[in-house]
Amino acid sequence: MGFVRKLKTMFEITGEKTSTVFWYILAHIAMEGALLLPPIATAGIIGVLTTGGTINEIFGWAGFYVASYILYTSIRTAVYRKYERMAKQYHILLQRKLMEHIVKNDGIFDEISKGKIIASCTDDVRWVVDVTDCIAMATSKLTKLAVIFVIFAVHDIWVAIVAVLVDTIYMILMNKNVRNYSKHFDGSRKYEDKAADVLNQVLKNPRQIKAMNILPAMLRKYDNAARKWLEQYTSRRRDREKVYVHDEWMAYLGKIMLYIMMAVFVINGQMTVETLVLLISYFEQVVTSTNELWRDCLRPLAEYSVQAERIKKILSYTQKSEVE
């Protein structure tokens, strides 16, 4: 999915240390791992009820359940605070870096429009930290999915095969739409820059524009950029619609098939009710994590990576005189 390339771009423009990002990713993996513990407690309670255990065993599993969520909340708090520190650092660092670079390379306006530079300095810098955050979330969720599928395989290989097949098809459909979404987001940003250029000219010379009666020509230029932006925006929304409306049927159809399959195993004595509850809880997390992988990781990462590349292009510009 190009995580390494995207992280490399982020390192180039921020100068962040790889060790900091590595520990941040590990913290996300630990946070997702903590979510794997509550289903064990739930299955344990069901096991006590179906096998005639004691009330003390139920309280023991209940305590394990509470401890799991305390662990999860503690790790999540640490992750949020680290994100906050990185966001502040990146925002201030990049704005200063961009201003210094523009002053040293004032010929940059011959190649890159003022509208794009202003948008990058004010809007794009806000989202660079989310490149790291999205990659950390995506890595942790993919790791979690791998662990869950191993658990499935330990209990029943056929259940594991069906679960992996369903989720793989779902992820392929999502990944296709993510690529299209990224392309159309890049296009919409391009025409937002052109519209900002027209606005910048209006704000800079309103009297001259009025005196020379060139507003109609400028509005035609704006309308052309707005029309093309609308085309890109509409395509981008259609890509989101495919994921949220059309593609989710695969996940829910697969879920029904898997649950019927496990119910048959229980009826035939090939699986206990305790195991059924455990695997159902885990597959619910599979569907949730896969949805979050798109909604909170891959789709936003497509946007944030475009914004990071825009900043990189500005910082990579060097005047010909300096090159010579």
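## Leu276 and its surroundings

Leu276 is in contact with Met262, Ala263, Val266 and Met271, leaving aside its neighbours within four places in sequence. This is a predicted model. Leu276 has its place in helix H10. Is Leu276 buried or exposed? Its relative accessibility is 16%. The cut-off for buried is under 20%, so Leu276 counts as buried.

Where does Leu276 lie relative to Lys204? The two are 72 residues apart in sequence. From C-alpha to C-alpha, Leu276 and Lys204 are 68 Å apart in space.

Val273 has 37% relative accessibility. That value falls between the cut-offs of 20% and 50%, so Val273 counts as partly exposed. Along the chain, Val273 and Phe59 are 214 residues apart. Their C-alpha atoms are separated by 20 Å.

## The overall build

Now the whole chain. It has eleven helices and zero strands. From the N terminus on, its elements run α-α-α-α-α-α-α-α-α-α-α.

How many Å is the radius of gyration of the chain? It is 26 Å, whereas a compact globule of 324 residues would have a value near 20 Å. The C-alpha trace spans about 90 × 40 × 35 Å along the principal axes of the chain.

Among contacts with a separation of 6 or more, 84% are between residues 24 or more positions apart.

## Surface and charge

Of the 324 residues in the chain, 43% count as buried. The accessible surface comes to about 17,600 Å². Carbon and sulfur atoms hold 62% of that surface.

The chain carries 42 positive and 33 negative side chains. The centres of these two sets lie 6 Å apart.

## The nonpolar core

In soluble globular proteins, nonpolar side chains tend to be buried together. Here, the largest nonpolar core has 75 residues. Which of them touch the most other members? They are Phe152, Val159, Leu258, Met262, Phe283 and Ile311. Several helices each supply at least two residues of this core, including helix H1 (3-14), helix H4 (55-104), helix H7 (157-204) and helix H9 (215-267). The largest share, 19 residues, comes from H10.

Ile311 touches Ile13, Leu94, Leu98, Ser120, Asp124, Val125 and Val128, not counting residues up to four places away in sequence.

Cys121 is found in helix H5. Its relative accessibility is 15%. Buried means under 20%, so Cys121 counts as buried. Cys121 touches Gln95, Leu98 and Ile102, not counting residues up to four places away in sequence. Leu98 is also among the residues that Ile311 touches. Cys121 and Ser305 are 184 residues apart along the chain, and their C-alpha atoms are separated by 15 Å.

Asp193 is found in helix H7. Why does Asp193 count as buried? Its relative accessibility is 6%, and the cut-off is under 20%. Which residues does Asp193 touch? They are Gly115, Lys116, Ala119 and Arg310, not counting residues up to four places away in sequence.

## Asn213, in a loop

Asn213 lies in the loop between helix H8 (206-212) and H9. Phi of Asn213 is near 55 degrees. That is a positive value in a residue other than glycine.

Is Asn213 buried or exposed? Its relative accessible area is 57%. Exposed means over 50%, so Asn213 is exposed.

Note on methods:
Residues numbered from 1 in each chain as written. Predicted model: local features only at pLDDT ≥ 70, side-chain atom pairs only at ≥ 80, totals over all residues. Heavy atoms only, no water. Helix = DSSP H or I, 4+ residues; strand = E, 2+ residues; numbered from the N terminus. Rg over C-alpha atoms; globule rule 2.2 N^0.38 Å. Buried < 20%, exposed > 50% of the residue type's maximum accessible area, 1.4 Å probe, protein only. Contact = heavy atoms within 4.5 Å. Areas by Shrake-Rupley, 256 points an atom, 1.4 Å probe, with all protein chains shown as cover. Lys, Arg positive; Asp, Glu negative; His and termini not counted. Charge placed at Lys NZ, Arg CZ, Asp CG, Glu CD. Core = buried A, V, L, I, M, F, W, Y, C linked by side-chain atoms within 4.5 Å.
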